[in-house]
Protein chains: 2
Amino acid sequence: MYCYEYPHPAVTTDVVVFSIRNDRLELLLIKRASEPYQSHWALPGGFVDIDEDLNACALRELEEETGITGVYLEQLCTVGAPDRDPRERVISVVYFALLSEDKLEARAASDAAAVAWFSARDYPRLAFDHNMIVQKAHHRLAAKLSYSTIALQFMPRRFTLSQLQRVYELILGEELDKRNFRKRILSMDCLKEDGGLLNGGKHRPAKLYQAKQPDRVDFVR
Amino acid sequence: MYCYEYPHPAVTTDVVVFSIRNDRLELLLIKRASEPYQSHWALPGGFVDIDEDLNACALRELEEETGITGVYLEQLCTVGAPDRDPRERVISVVYFALLSEDKLEARAASDAAAVAWFSARDYPRLAFDHNMIVQKAHHRLAAKLSYSTIALQFMPRRFTLSQLQRVYELILGEELDKRNFRKRILSMDCLKEDGGLLNGGKHRPAKLYQAKQPDRVDFVR
């Protein structure tokens with residue numbers, strides 16, 4: 001037993017994982033293996049070890065529950081409404097991660113009963129306050145499109161401007177004007193022409209681009 | 001005593017309070033009344049009560065230590081390096097607040113030995129990891145200037161574009177081109193002409209502006 005003079009909360013990390021799959025924005029969820037909310041879908045996450053960094057905990061829990069490794073995490077917010085967990089006071093540090101297509105192979109690892117991708121616009125009632133957290137993450141992602149290069153995290157190494165525009169449209173849930181989109185994205189100075197062309201069937205070939213700084217995950221203008 | 005099967009961290013909130021004073025960006029600090037780091041300068045903050053919302057805790061601690069009330073808080077980040085506090089594992093949810101001139105009357109309240117404003121570019125070595133937190137807050141504030149109306153929180157009800165530009169310059173630490181600044185700020189559609197003029201001595205009178213949505217603390221383009 002570990003005893004303290006004052007009551008202490010428990011602290012968890014949770015991760016909202018987004019990707020572009022099936023021509024839509026999708027969300028990675030796990031089915032909980034134990035109570036509370038057993039068999040409910042939830043965000044991957046779990047308790048912080050007492051000597052563990054917060055970021056390390058988020059990565060460990062993500063791997064233990066979904067098998068996913070090597071992603072870039074960004075802190076979204078910390079939630080701590082006193083009644084958000086029926087067991088005890090639990091404060092959760094929430095991260096979000098954006099996965100490109102080559103990292104999509106999630107599998108239910110030992111600590112989850114199942115793992116699956118859902119449309120970010122149509123997913124089940126989740127455990128705890130996780131629905132609110134997903135909404136917040138989606139909102140933050142959409143807001144960041146306007147002032148950062150965050151969407152490049154979803155892209156393969158080489159892509160056309162039309163493909164990038166489609167990613168923006170899927171996140172925002174609305175069509176964008178092609179000319180304005182190109183002007184704005186090129187003015188952010190985050191892309192370089194790759195020299196190659198993509199042959200698009202009946203359309204004329206489109207230029208291929210790459211991120212100028214592929215390791216810079218989130219360039220703010 | 002409060003006992004748990006697993007070790008639990010303690011959770012605090014801390015607040016980075018900025019204002020524009022003395023023609024510079026300033027930072028509100030308290031002198032710690034007790035150990036650890038007794039008599040060191042630090043961010044106002046303290047432990048979360050077990051049944052208290054995080055935001056409520058930040059507001060309560062700010063009032064208890066500085067007398068400041070009624071500010072808008074925004075979550076900055078949560079820090080939790082395992083060794084950041086010599087007492088025990090302490091995870092801190094960090095907020096930041098921007099104060100306009102009419103809310104500057106801070107006083108050392110019961111829980112702090114002293115309270116004072118410091119230049120945000122020249123302040124003492126702080127307790128815990130608070131220097132790193134202040135740097136992060138300053139960086140976030142500067143980044144937000146480019147895509148949000150956050151700077152309006154520093155302004156009085158009526159102000160000229162030159163006064164607003166000066167606030168940007170003090171935060172960024174660099175001079176801005178007047179014409180580009182005006183073009184960009186007006187394109188954000190967050191200001192309205194107030195009809196009044198400010199007589200600026202030997203300069204010709206300058207138009208006074210107001211925020212279009214004074215209660216909207218942080219309009220992202």
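This is a predicted model: local features need pLDDT of at least 70, side-chain atom pairs count only at pLDDT 80 or more; totals for chains, interfaces and linings use all residues.
**Entry 1: helices α2 and α3 of chain B**

The angle at which helix α2 (residues 130-145) of chain B and helix α3 (residues 161-172) of chain B pack is about 140°, and their axes are 9 Å apart. Angles over 145 degrees would count as roughly antiparallel, and 65 to 115 as roughly perpendicular; I therefore recorded α2(B) and α3(B) as oblique to each other. I noted the crossing of α2(B) past α3(B) as left-handed.

I then looked up which residues make the contact. From α2(B) I listed L141(B), A142(B) and L145(B); from α3(B) I listed Y168(B), I171(B) and L172(B). Sorted by class, the contact of α2(B) with α3(B) holds six nonpolar residues, with no polar and no charged ones.

**Entry 2: helix α4 of chain B**

I next examined helix α4 (residues 178-187) of chain B and found it hardly covered. Of its 10 residues, I counted one as buried. After α4(B) comes D189(B), and I noted that its phi is positive, near 60°.

**Entry 3: chain A as a whole**

I turned to chain A and found four helices and 10 strands there. Reading from the N terminus, I wrote down the order of elements as β-β-β-β-β-α-β-β-β-α-α-α-β-β. The C-alpha trace of chain A spans about 70 × 30 × 25 Å along its principal axes.

I also looked up burial and contacts. Chain A has 221 residues, and 32% of them are buried. Among the contacts in chain A with a separation of 6 or more, I found that 66% join residues 24 or more positions apart.

**Entry 4: the two domains of chain A**

I consulted the domain assignment of chain A, which gives domain 1 as 10-145 and domain 2 as 150-211. I recorded 28 Å between the C-alpha centres of domain 1 of chain A and domain 2 of chain A. Where they meet, 12 residues of domain 1 of chain A are in contact with 11 residues of domain 2 of chain A.

I then asked which elements supply the side of domain 1 of chain A that touches domain 2 of chain A. In chain A, β2 (10-21), β3 (24-32) and α2 (130-145) each supply at least two residues of that side. I noted that α2(A) gives the most to this side of domain 1 of chain A, with four residues. By class, I recorded the residues of the side of domain 1 of chain A that touches domain 2 of chain A as six nonpolar, two polar and four charged.

Note on methods
Residues are numbered from 1 along each chain as its sequence is written. Chains are lettered from A and ligands numbered from 1 in the order in which they are written. Axes are lines fitted to C-alpha atoms, for helices over the stretch in contact, and angles run from 0 to 180 degrees between N-to-C directions. Angles under 35 degrees count as roughly parallel, over 145 as roughly antiparallel, 65 to 115 as roughly perpendicular and the rest as oblique. A crossing is left-handed if the near helix is turned anticlockwise from the far one by less than a right angle, and right-handed if clockwise. Two residues are in contact if their C-beta atoms, placed from the backbone, lie within 7 Å. Ala, Val, Leu, Ile, Met, Phe, Trp, Tyr, Cys and Pro count as nonpolar, Asp, Glu, Lys and Arg as charged, and the others, Gly among them, as polar. A residue is buried if 20 or more other C-beta atoms lie within 10 Å of its own, exposed if 12 or fewer, and partly exposed in between; C-beta atoms are placed from the backbone. Domain bounds come from an automatic or database domain assignment.
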